[in-house]
Amino acid sequence: MAQFVKKDDDLDGEEYSPFLGIEKGAVLQEARVFNDPQLDPRRCSQVITKLLYLLNQGESFTKFEATDVFFAVTKLFQSRDLGLRRMVYLIIKELSPSSDEVIIVTSSLMKDMNSKTDMYRANAIRVLCRIVDGTLLTQIERYLKQAIVDKNPVVASAALVSGIHLLQTNPEIVRRWSNEVQEAVQSRAALVQFHALALLHQVRQNDRLAINKLVTSLTKGTVRSPLAQCLLIRYTSQVIRESGTNQAGDRPFYDYLEGCLRHKAEMVIFEAARAITELSGVTSRELTPAITVLQLFLTSSKPVLRFAAVRTLNKVAMTHPLAVTNCNIDMESLISDQNRSIATLAITTLLKTVVEAIRSLCLKFPLKYKSLMNFLSNILREEGGFEYKKAIVDSIVIFIRDIPDAKESGLLHLCEFIEDCEFTYLSTQILHFLGIEGPKTSDPSKYIRYIYNRVILENATVRASAVSTLAKFGAMVDVLKPRIFILLRRCLYDSDDEVRDRATLYLNTLGGDGSVVETDNDVKEFLFGSLDVPLVNLETSLKNYEPSEEPFDINTVPKEVKSHQHVEKTRNISKINTGLGAPPAAPPSTADAYEKLLSSIPEFSSFGKLFKSSTPVELTEAETEYAVNAIKHIFDEHVVFQYNCTNTIPEQLLENVSVIVDASEAEEFSEVAIKPIRSLPYDSPGQTFVAFEKPAGVTSFGRFSNTLKFIVKEVDTSSGEAEDDGVEDEYQLEDLEVVAADYIVKVGVSNFRNAWESMDPDCERVDEYGLGPRETLEEAITVVSNLLGMQPCEGTEVVPKNARSHTCLLSGIYIGNFKVLVRVSFGFDGPKEVAMKLAVRSDDISVSEAIHEIVASG
């Protein structure tokens, strides 16, 4: 990669508002321009704009000020400027003159209402209907009726909208317009038909029979306007609800709604789908066509359609969750939608349909854990089967493991659940989990009551599990030991042998004298340590054990997990069968598997929490004798290399397989442990590990040379037996590098702008660099994102066609759990030279500086 060249900063421009610092007194002084003999239409329009701004901002005018402005504005009717006349109409409507003042402009407005200029006519009608009273309205009623059926749709719509407003104050006058409004409903103009239908419905809204007749006549196909069609769908839904015709039988109105799903206008299709989903008593069969069109809208390129569809499906999921499950795949893609509202609705809808979706949501939206946790706890208390409850419990456990702030509230929710849990398996699993996580909380004593209640109230299996959990609290929290010993002694009198035996064992192990002393590490290892061998291997060894004077030795059980699946002799198939060797891009289950695997190895159990595991790096070519790839596991003070090895030669058995690592080009690393593979048969993947220590909290880099070392034994393919003697051999592997991206975890944010603004600006560092010659901006974005190992947000990794500049948003977690956000602006600084402005914000200023150092030295 080319060396980055530092450049000078540029000052960002400031936005300007034309209304900044505006004052009422100054604007009223400017209004004197209305009295000039020679009117300046442009200046007058600007003053009216300022007056309208003040009125809409809530500025109050005294009666004298309003009257003065009103009389000044009336003089502007002398101007023939169209733009100024429109502003005059607006200001007269907003000033709302009194009845004494209205007479001043009535003649001018009535003259405009009969003008040959359609724009004057439409706006004069709107203003007159806004300011006149009932007495004057009767005088202009004839003109309004003529306007409703006018050939110009702008004039007709203005009269109809005015009628809708007048219906609130003078309903008896508007009801006399029924014939004209009925004629306007048949208009070919979309807005005229829309406004006419709205007015006609309001005129008849108190007459259910009239509304029913209106809907019946219009659903036969006389409505052409998509807007009017949407209104008609709503009125049809209202008739269905009130008449109860949504049951089985003759359903002409429902057939009309279903037919609208095939309309060419998207708004009509959506309105019909929404109306069908909101019908009471709707069946799954009737929902299917509506759900189908909503599912198509989920993949629309228009954000408004995606939002409308997911919002409707969200409501449907409350009553018909199974009907929505077919849309889950499409909704999962909306979790990362740029529109935050769409993403949030997609999340909540998925939660209502598939509880397991929380496993990904808790990582993508960690700040939403409270609302998601409350949702899970509420549905956990509701009725449901074992699989349903287990899925919810597993999701809460994932919250607790992945989001530290959610631990205590999550544990309390689980404790409340086991108070009334009917499933023994779930109770024992929760108690086991509680014994691991509970002692690490700020107040472990509050969980003791819930645990001991299980000893008193549950069956023998749960009681035994509760005893083990109590013992773990006693081992980890020394101040609780006396209380734990009292409870364990009570368990000695339990009716079940298992419960009594466990209580006796733990009392002796912890020291039953009740003294508050620190628990030995051996005791903690006994209580908390994981089984060092795979259960499958242990089961096989126990089955093969023949009773004799020598006791069974667990140390003889193989610790490597062996696969019996058929493996092709290719590198790609090798990666698949390593299991942990070729995971998809960091799903939670893979991260948990890595951490569980490493913590089960005694040499690595003291390394602390795993920060990141890389994707597999191939160290051999395809079609070679041995297939090896490596995974880099990053801890705070250590780095562990996991080498996934596969023997692809049927005639060979490899033993004592290890990788000799030369760290001469990685001076800050020192080797501390190596774990070889005892035996590596043909087509049976295995893992060997090498651990290095590094300075704590430091991003150390380096290159490591690797050599595969092993003892090879010939195998008789007919019998499958290997020779006793073997030969030492070596196989050179590709080098492995630890780079900056290994210390940053890709974690996206749902709303980059909010996340950026929530961070301390004092922790921001900005600088400019030159990227050298690049063919495209996409190449520049790829180089920087790969260098930093961060997640592009909101689709900004995609550059518009023919763009000469572009801004990419990146986010991630820096080692030490520091959140980092990066805003990178790219642009061509010459024919192919790319310049870059890098702005970094993080939880710590040193992290922001470290990101700049990575880029500067990259």
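This is a tour of one predicted model, stop by stop. Local features are limited to pLDDT of at least 70 and side-chain atom pairs to pLDDT 80 or more, while totals for chains, interfaces and linings use all residues. Residues are numbered from 1 along each chain as its sequence is written, and side-chain values use heavy atoms, with hydrogens and water left out.

**Whole chain**

Start with a cartoon view. The protein chain has 36 helices and 18 strands. These are DSSP runs, numbered from the N terminus: helices are H or I with at least four residues, strands are E with at least two. Of the 858 residues, 47% count as buried. Buried means under 20% relative accessible area, exposed over 50%, and partly exposed in between (1.4 Å probe, protein chains only). Now consider contacts, meaning heavy atoms within 4.5 Å. Among those between residues at least 6 apart in sequence, 64% join residues at least 24 apart.

**Nonpolar cores**

Select Phe34, Ile48, Leu51, Ile92, Leu109 and Leu470. These have the most contacts inside the largest nonpolar core, which has 172 residues. Such a core is a set of buried Ala, Val, Leu, Ile, Met, Phe, Trp, Tyr and Cys residues joined through side-chain atoms within 4.5 Å. Center on Ile48. Leaving aside neighbours within four places in sequence, Ile48 touches Phe34, Leu76, Leu84, Met87, Val88 and Ile91. Then jump to Ile649, Leu787, Val799 and Ile854. They are among the 61 residues of a second, separate core.

**Helix α27**

Select residues 460-476, helix α27. Of its 17 residues, 14 are buried, so α27 is largely enclosed by the rest of the structure. At 1.5 Å a residue, α27 should span 24 Å; its end C-alpha atoms are 25 Å apart, which agrees. The expected span is 1.5 Å times one less than the number of residues. Look at the start of α27: a side-chain oxygen of Asn459 comes within 3.2 Å of the backbone nitrogen of Thr461.

**Lys407**

Move to helix α24, residues 407-418, where Lys407 lies. Lys407 counts as buried, at 18% relative accessibility. Its side chain makes a polar contact of 3.0 Å with that of Glu437. A polar contact is a pair of N or O atoms within 3.5 Å; within protein, one must be able to donate a hydrogen and the other to accept it, and residues adjacent in sequence count only if both atoms are side-chain atoms. Beyond four places in sequence, Lys407 is in contact with Ile400, Glu437, Lys440 and Thr441.

**Aromatic rings**

The whole structure has 13 aromatic pairs. Rings of Phe, Tyr and Trp (its six-membered ring) pair if their centres lie within 6.5 Å; planes under 30 degrees apart are stacked, over 60 edge-to-face, the rest tilted. Select Phe641 and Phe692. Their ring centres are 5.7 Å apart and their planes at 55 degrees, so the pair is tilted. Phe641 sits in strand β5 and Phe692 in strand β9, 51 residues apart. Phe641 is buried at 0%, Phe692 at 1%.

**Met759**

Finish in the loop between α34 (752-758) and β14 (764-773), where Met759 is found. Met759 is buried, at 7% relative accessibility. Show the C-alpha atoms of Met759 and Asp843: they are separated by 7.0 Å, yet the residues are 84 apart along the chain. Leaving aside neighbours within four places, Met759 is in contact with Lys819, Val820, Leu821, Arg841, Ser842 and Asp843.
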